[in-house]
Amino acid sequence: MDALERYGDATRRRTHGAAGRFPTPRDGATSLVAVSDPQRAQHHGHDGAREGVIKFAATHQSGPLPRGAVELVGLLAGWRRVLFDLGLLGKDRARYQGAAYGNLSARLGPFPGERGARAFAITGTQTSDRRDLTADDFCVVSAADVKRNHVTSHGPSLPSSESMTHATVYDASPTIRAVFHVHAPAIFEARLPLPETAPGVDYGTPEMAREVARLWRSSSLPDGRVFVMRGHQDGVVAFGKSIDDAGGALVAALARAGERR
Ligand SMILES: [Zn+2]
């Protein structure tokens with residue numbers, strides 16, 4: 001968890017370091033480049049259990065959550081409680097070496113802009129261990145560049161380590177307005193007839209972006225709205241045209257998995 005810990009230190013230093021205040025305008029953009037450790041990422045490239053290790057560089061500006069995002073993150077927090085209680089996200093010593101897992105996001109704005117610059121609100125990093133989140137536990141990712149491995153964000157919390165995975169899903173279609181990434185052993189192990197990304201493809205990589213695009217084009221994914229990340233232990237992604245739609249698709253997949261037991 002070295003990379004995550006380094007990121008965490010940076011969080012405290014940059015975001016809350018100076019007596020917990022938000023930066024004044026003269027502080028300007030808070031640049032965080034820290035996170036990525038290419039050798040390590042490569043070394044663990046196919047180890048699906050390495051949840052929570054940040055693999056992208058981030059430029060983050062600290063500040064309050066934009067007003068337009070507050071209602072959305074309230075609904076995300078509501079769904080998050082449900083998923084937390086189901087064990088689909090959280091932090092558990094017995095799972096993934098105690099690393100946090102699972103994160104939710106929702107698009108902002110009436111219609112998405114350019115590919116890679118479609119803003120979405122997402123749960124912050126290091127929030128998974130708590131059941132109840134507030135608006136301060138989210139941020140807005142305003143741009144994500146998979147090829148450069150770079151995320152631009154603003155808000156009170158640093159972006160989830162899986163922000164890039166969310167960005168790649170949003171890039172599949174402008175109709176996608178919410179993305180849930182959870183760890184659901186029941187779905188992962190049930191071998192349902194769900195679309196799956198290739199086993200050799202790790203989360204948050206350009207290959208994952210290509211896999212999602214492939215599934216969108218050539219499988220039932222646009223209708224089913226749930227896929228399994230076969231190279232990411234227990235990894236499942238659900239999405240929808242709204243937050244409730246994404247949650248509904250995920251719960252329906254859970255029901256199918258239960259049916260087969
Ligand atoms: Zn994950």
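## Strand 5 and its partners

In this predicted model, strand 5 (residues 103–107) pairs with strand 9 (residues 178–183) in the antiparallel sense, over 4 bridges. Within this pairing, N103 has H181 of strand 9 as its bridge partner.

Strand 5 also pairs with strand 6 (residues 120–123), again in the antiparallel sense, here over 3 bridges. In strand 6, A121 is the residue that stands opposite A106.

## How covered is strand 5?

Of the 5 residues in strand 5, 5 are buried, and the strand is mostly covered. In a regular strand the side chains alternate between the two faces of the sheet. Which residues of strand 5 lie on one side, and which on the other? N103, S105 and R107 are on one side, while L104 and A106 are on the other.

## A58 in strand 2

Strand 2 spans residues 57–62 and contains A58. Is A58 buried or exposed? A58 counts as buried because it has 28 C-beta neighbours inside 10 Å, and the cut-off for a buried residue is 20 or more.

A58 and V141 are 83 residues apart along the chain, and 9.8 Å separates their C-alpha atoms.

## The chain as a whole

The protein chain has 8 helices and 12 strands. It consists of 261 residues, and 49% of them are buried.

Contacts can also be sorted by separation in sequence. Among contacts between residues at least 6 apart in sequence, 66% join residues at least 24 apart.

Methods
Residues numbered from 1 in each chain as written. Predicted model: local features only at pLDDT ≥ 70, side-chain atom pairs only at ≥ 80, totals over all residues. Helix = DSSP H or I, 4+ residues; strand = E, 2+ residues; numbered from the N terminus. Buried ≥ 20, exposed ≤ 12 C-beta atoms within 10 Å, placed from the backbone. Pairing = 2+ DSSP bridges. Contact = placed C-beta atoms within 7 Å.
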